[in-house]
Amino acid sequence: MNFLAHIYLSGENDLIKIGNFMADGIRGHDYEQFPLDVQKGILLHRAIDTFTDAHPIFRQSKHRLHDAYGHYSGVIMDIFYDHFLAKNWAQYSDENLEEYANRFYNSLRENYDWLTSKTQSMMPSMIGRNWLASYATVEGIGMILFQMDHRTKNRVSMQNAIKELEQYYPQFESEFTAFFEDLRVHVQQKLSIL
């Protein structure tokens, strides 16, 4: 799962959302330096990633991309799955996606001092290009993949995966829908014990 899903699955607590959002850059026990709710978000992020990587539906989706993109097929699928969450946002939230994204961006600004330096440096681009809402369109996904290529020095041309997204669109969407229901149940269980 990519940024939008991690934030959404955190519920309404802003600090849990922030921890879940920036967890990729936090190693080992370094999470213990943050406030308790941020720690919960980081641990939740790790639980989501572990569940996702092992889930047979996600692995099935990822397998379609593996020959062309190797190790990056999972990264691409995380982005594709965020696309389907954004595209079908009204099924998961009563709040408009634009408003939801803006509320999260404001939360980042308000809690700036708790953000990792990596997250702080990413904020201007994320907010300026409205990454979270841009997931809703195939064009937006293309932009995100282009940016990922830039960050990874164009190792596998992830932006070309738009072809596979379009070719297997109904399959990916139905797989996401089934997988995301399992993930939501898992997250509710995890949140209740964190």
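**Two helix pairs to work through**

Helix α4 (residues 56-69) packs against helix α5 (residues 73-87) at an angle of about 125°, and their axes lie 8 Å apart. This comes from a predicted model.

**Exercise 1.** Work out which class of orientation α4 has relative to α5.

*Solution.* Start with the angle between α4 and α5, about 125°. Angles over 145 degrees count as roughly antiparallel, and 65 to 115 as roughly perpendicular. An angle of about 125° therefore makes α4 oblique to α5.

**Exercise 2.** Now describe how α6 and α7 are arranged, including their orientation class and the handedness of their crossing.

*Solution.* Helix α6 (residues 97-110) and helix α7 (residues 117-128) pack at about 155°, with axes 11 Å apart. The cut-off for roughly antiparallel is over 145 degrees, so α6 and α7 are roughly antiparallel to each other. As for handedness, α6 passes α7 in a left-handed crossing.

**Exercise 3.** List the residues that join α6 to α7 and classify them.

*Solution.* From α6, write down Phe104, Tyr105, Leu108 and Arg109; these meet Met123, Met126 and Ile127 in α7. The residues of the α6 with α7 contact divide into six nonpolar, no polar and one charged.

Note on methods: Residues are numbered from 1 along each chain as its sequence is written. This is a predicted model: local features need pLDDT of at least 70, side-chain atom pairs count only at pLDDT 80 or more; totals for chains, interfaces and linings use all residues. Side-chain values use heavy atoms; hydrogens and water are left out. Axes are lines fitted to C-alpha atoms, for helices over the stretch in contact, and angles run from 0 to 180 degrees between N-to-C directions. Helices (H or I, at least four residues) and strands (E, at least two) are DSSP runs, numbered from the N terminus. Angles under 35 degrees count as roughly parallel, over 145 as roughly antiparallel, 65 to 115 as roughly perpendicular and the rest as oblique. A crossing is left-handed if the near helix is turned anticlockwise from the far one by less than a right angle, and right-handed if clockwise. Contact means heavy atoms within 4.5 Å. Ala, Val, Leu, Ile, Met, Phe, Trp, Tyr, Cys and Pro count as nonpolar, Asp, Glu, Lys and Arg as charged, and the others, Gly among them, as polar.
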